[in-house]
Amino acid sequence: MGRIEKALEEALKKKRAEQPLPVELLPGNGSSGDAADGPSAVAENPYLVTINDPHSVIAEEFRKLKTAVVGLTKQAGFLNTIMVTSALGGEGKSFTALNLAVSIAEAYDHSVLLVDADLRKPSLNEYLGIEMGQGIADCIVDNIDLGSVIIRTGINKLSLLPAGKGVKNPVELLSSSRMKELFFEMKHRYADRYVVIDSPPLLPFAETQSLCSCMDGIILVVRQEMTPIQSIKDSLALLQDKRLLGMVYNGVAPESLNSRYNYYYYNRYQKQVR
Ligand SMILES: Nc1ncnc2c1ncn2[C@@H]1O[C@H](COP(=O)(O)OP(=O)(O)OP(=O)(O)O)[C@@H](O)[C@H]1O
Ligand SMILES: [Mg+2]
């Protein structure tokens with residue numbers, strides 16, 4: 001190999017190493033109706049902590065969250081549609097929805113359908129290393145069958161309904177009667193599985209508030225040193241007549257953790273984040 005080729009290869013390696021989310025993109029669509037076939041690799045994303053760092057403190061916290069959620073949703077019948085939201089942007093909705101869905105899929109005899117209903121800023125396909133293809137927006141706009149856009153994630157029993165094509169009018173789409181029909185269909189067509197829904201933030205967007213009415217249960221994510229107390233109060237006020245299952249406190253600071261192992265973990269995790 002010549003010097004120039006070598007230098008180029010080194011530069012390419014360096015570029016790959018610097019990627020914040022080192023995921024390998026997989027084909028997005030073309031799977032069968034109920035996600036029976038399709039991609040079967042698992043993304044090496046460090047935020048997919050329940051898969052890629054299963055012995056970590058944070059993965060353990062997600063398993064505890066899963067136990068609590070399953071307990072709450074099986075009390076009276078089976079409340080299978082659970083939406084994860086938060087007051088504002090960047091508080092960890094997608095991270096929580098993803099790792100909660102993985103924890104449920106891994107531990108129980110349930111398949112889980114993870115839904116990216118954040119049409120403004122979809123991210124679950126990226127977290128999972130799956131190229132964006134058709135998704136929920138296409139089901140609403142073009143009346144495509146739900147089953148034909150659900151794809152396998154490569155994680156046992158976890159399938160993904162991506163957000164789909166970019167849309168200019170997420171408020172209208174997510175507040176539409178077609179959207180309500182779709183969630184009704186998800187609940188009943190996949191009645192034996194949990195449907196975990198990632199959403200846009202609650203306070204700024206009317207569509208999230210509208211989505212809340214279609215859900216069996218809602219989880220509110222609050223992020224340490226990020227979510228203002230007034231925003232938590234405002235969110236709770238908006239959710240007062242909805243079925244709030246509980247709140248997730250995300251991004252706990254190292255000093256709040258008591259064991260050395262925890263401290264080590266969070267230091268390491270923060271390094272990966274940068
Ligand atoms: N506990 C955590 N520790 C470190 N990084 C985190 C943690 N939770 C989330 N993040 C990171 O913070 C960023 C925002 O997280 P995430 O995408 O889950 O938030 P979000 O609420 O879905 O944001 P948006 O409103 O933009 O959709 C991402 O880069 C995510 O990986
Ligand atoms: Mg998100």
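**Contacts, helices and a ligand shell**

Biologist: Leaving aside neighbours within four places in sequence, which residues is Asp234 in contact with?

Modeller: Two residues are in contact if their C-beta atoms, placed from the backbone, lie within 7 Å. Skip the neighbours within four places in sequence, and the contacts of Asp234 are Ala87 and Leu203.

Biologist: What kind of model is this?

Modeller: Residues are numbered from 1 along each chain as its sequence is written, while chains are lettered from A and ligands numbered from 1 in the order in which they are written. Local features need pLDDT of at least 70, side-chain atom pairs count only at pLDDT 80 or more, and totals for chains, interfaces and linings use all residues; this is a predicted model.

Biologist: OK, back to Asp234: is it buried, partly exposed or exposed?

Modeller: You'll find Asp234 in helix α10, residues 229–238; helices (H or I, at least four residues) and strands (E, at least two) are DSSP runs, numbered from the N terminus. A residue is buried if 20 or more other C-beta atoms, placed from the backbone, lie within 10 Å of its own, exposed if 12 or fewer, and partly exposed in between. Asp234 has 14 other C-beta atoms within 10 Å, so it's partly exposed.

Biologist: How far apart in space are Asp234 and Leu203?

Modeller: Along the sequence, Asp234 and Leu203 are 31 residues apart. Go from C-alpha to C-alpha in space, though, and the distance is 7.6 Å.

Biologist: At what angle do the axes of α3 and α4 cross?

Modeller: Two packed helices are described by the angle between their axes and the distance between the axes. Here an axis is a line fitted to C-alpha atoms, for helices over the stretch in contact, and angles run from 0 to 180 degrees between N-to-C directions. The axes of α3 (residues 57–73) and α4 (residues 93–107) come within 9 Å and cross at roughly 75°.

Biologist: How many residues of α4 are buried?

Modeller: Helix α4 is mostly covered. Out of its 15 residues, the buried count is 13.

Biologist: Which element gives the largest share of the shell around ligand 1?

Modeller: A residue is near a molecule or strand if its C-beta atom, placed from the backbone, lies within 6 Å of it. There are 17 residues around ligand 1, and Gly89, Gly92, Lys93, Ser94 and Phe95 come nearest. The elements giving two or more residues are α4 and α11 (260–273). The largest share, three residues, comes from α4.

Biologist: Is Asn143 buried or exposed?

Modeller: Asn143 sits in the loop between α6 (136–141) and β3 (151–152). Its phi is near 60°, a positive value in a residue other than glycine. With 8 C-beta neighbours inside 10 Å, Asn143 counts as exposed.

Biologist: And Lys157, is that buried or exposed?

Modeller: Lys157 lies in the loop between β3 and β4 (158–161). Its phi is near 65°, again positive in a residue other than glycine. Since Lys157 has 20 C-beta neighbours inside 10 Å, it counts as buried.
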